[in-house]
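Morning, everyone. Please look at the screen while I talk.

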Amino acid sequence: MRRHRVSNGSTRETENNINSTHIERVSQQHHSSVSEIQLQKQVVELQGIIQLQNKVIIGIFTCFVVVIIICSIFVLQHLPTPNDDLDLYKSNVRSGNNKPLQGADDIHKKSSSIQHHEQYNNFICSSFGCSLRPIELIELQLQLNSNNTPYNNQYNIASSNHIIMTHKSNRKKPAPINQDRSILIPSFSSISDNHKTTSSKALKDVNSKGNFFLGVFDGHDDNGHDVAQFASDEIPLRISTKLQANNIPMPSKFHPIEENNHTISAMKDIITSTFIEVDNEAPTTGGGCTATIIFRRGNALFMANTGDSSQLLVVYTPPNHFNKDISQRNAKYIHSPCSPDIQLHLQGSISLHYQSAKHKAHFPKERDRIEALGGKIHIPPKAPSGSRVIVRSSLHGEDVGLAMSRSIGDWEWTAVGVIPDPDVRVVNLDDFWLQHVYEDGGGGSEKKKVFALLGSDGLFDARQAEFVGRHLAYGLFESSIPLYDNDVNDDGEQQSHDQEAAFSKHMVEVGAKLVQMASPLKEEWYRDDITFVAKVIEL
């Protein structure tokens, strides 16, 4: 019995062991299945994350490619072209080290300091006189060539005593905009002169013998026209204001020499300080401009120049008699295409006086100042006049060359000696007439004529000053259109008006021809903005 019981117990233990082993195996299989399911879930989740990451990466890369394409298109559309004044055109703005960038609102606030009282036939009248601005040559030519609208001199661009003209360059990028600015104030005054010019007197004043103001401002770099506009507005205004504030009298041959000398010294200080102030306060939207002015006050002519624009006085001597055939050939020349076979033959002669010197970095005085301040200058061996003041621009991250050693604006060049200070020259008109107009130092030839001329460098890129002077002298003094006296009856007044309009049209045609002859022979060649203003001076 005992052995039987023992046998039964062993059997039960064996069965229990087998069951226990089976359970463990089932449990292990169950755990294995759970682990596989969890692993599969993790793999699926990981695959989802990877797919999401791939989509994000593809999306970012696609956006990057799109941005690159857009930027490339933008850069290509705004790719700069060569410029005479700056080696590199930039689409970014240039600002001074201590001057905040100014937007259009800031420029407007500064320009709004000029109070325009009224406008009449292209004259803008203010406290210092009625100013005349040029009209783009293309617009004038459309009117000249129009069969429906006769030319009526509504813009007062030209007369028997003056011409003011501008023509924008042929550059396409960064913007096809005329960066030159010019101004003619026929009767320039200060309030202290007890003289107020109104629009009703503007047409008469343009032919007067009194005071006047001429200015040309040649902008460069992307936004140089902002600086040029500011300078053309502010310089005459501030000079006039300072004349009033300091109660500066007019120079006169009837005043003692000491008084005239004091007046002239004060005037030179006013001009220089005005240029410096305008430079300090000019809009910093990028770029700069030249500034050349001539204005008359009493018997003195004040000539100031900063940059590479030009100014000069021209004396015209008429011939003993005019040849009709030559006059007809000259008239044909004015209306002919540009050709070396036909040229202008001035029947009189001209002489140039007081031609301004351009401010270029290769001149010893300019070079010494710039190099003393650590500036770098590049001087082409075969063309020194093409010298450049080189600045490593922190804004642009590369070297940029400025074609002049003095200018208004151009903040990044200030630290290396590019200054706004003008060369100022004073011409005593009584002495000038005795030396260059009257024969033998006495009251001889009353037939000689004198005119002042200002021009941006685009006018002189392909032509010498004598060439320009001859064309303007022809238009002003050798026109075949007679002018009537002002003291005539009603019919005569209408005739005089018609003749003056005809003369103005003729003078505009002469100016257009001058622009054509000052332009490159091929249209695809680069042509700078061309701007000039001329005014007859009478003693």
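First, the ground rules. This is a predicted model: local features need pLDDT of at least 70, side-chain atom pairs count only at pLDDT 80 or more, and totals for chains, interfaces and linings use all residues. Residues are numbered from 1 along each chain as its sequence is written, and side-chain values use heavy atoms, with hydrogens and water left out.

Now confidence. pLDDT is the predictor's confidence in each residue, from 0 to 100. The chain has a mean pLDDT of 79, and 73% of its residues reach 70 or more. Helices (H or I, at least four residues) and strands (E, at least two) are DSSP runs, numbered from the N terminus. Residues 1–9 stay under 50, with zero contacts beyond four places in sequence. Contact means heavy atoms within 4.5 Å.

Next, the cores. A nonpolar core is a set of buried Ala, Val, Leu, Ile, Met, Phe, Trp, Tyr and Cys residues joined through side-chain atoms within 4.5 Å. Buried means under 20% relative accessible area, exposed over 50%, partly exposed in between (1.4 Å probe, protein chains only). The largest nonpolar core has 63 residues. Phe451, Leu472, Phe532 and Ile537 have the most contacts inside it. H13 gives this core its largest share, nine residues. Take Leu472: leaving aside neighbours within four places in sequence, its contacts include Ile163, Met507 and Ala534.

Two residues deserve a look. Most residues other than glycine have a negative phi. Asp221 has a positive phi of about 75 degrees. Asp221 sits in the loop between strand E6 (213–220) and helix H5 (224–245). Is Asp221 buried or exposed? Asp221 counts as buried, because its relative accessibility is 1%. Asp410 also has a positive phi, near 50 degrees. The place of Asp410 is the loop between strand E15 (408–409) and helix H9 (411–414). At 0% relative accessibility, Asp410 counts as buried.

Last, a pocket. Which helix gives the most to the lining of the second largest pocket? H13 does, with six residues. Helix H3 (137–144) and helix H13 (490–518) each supply at least two residues of that lining.

That is the tour.
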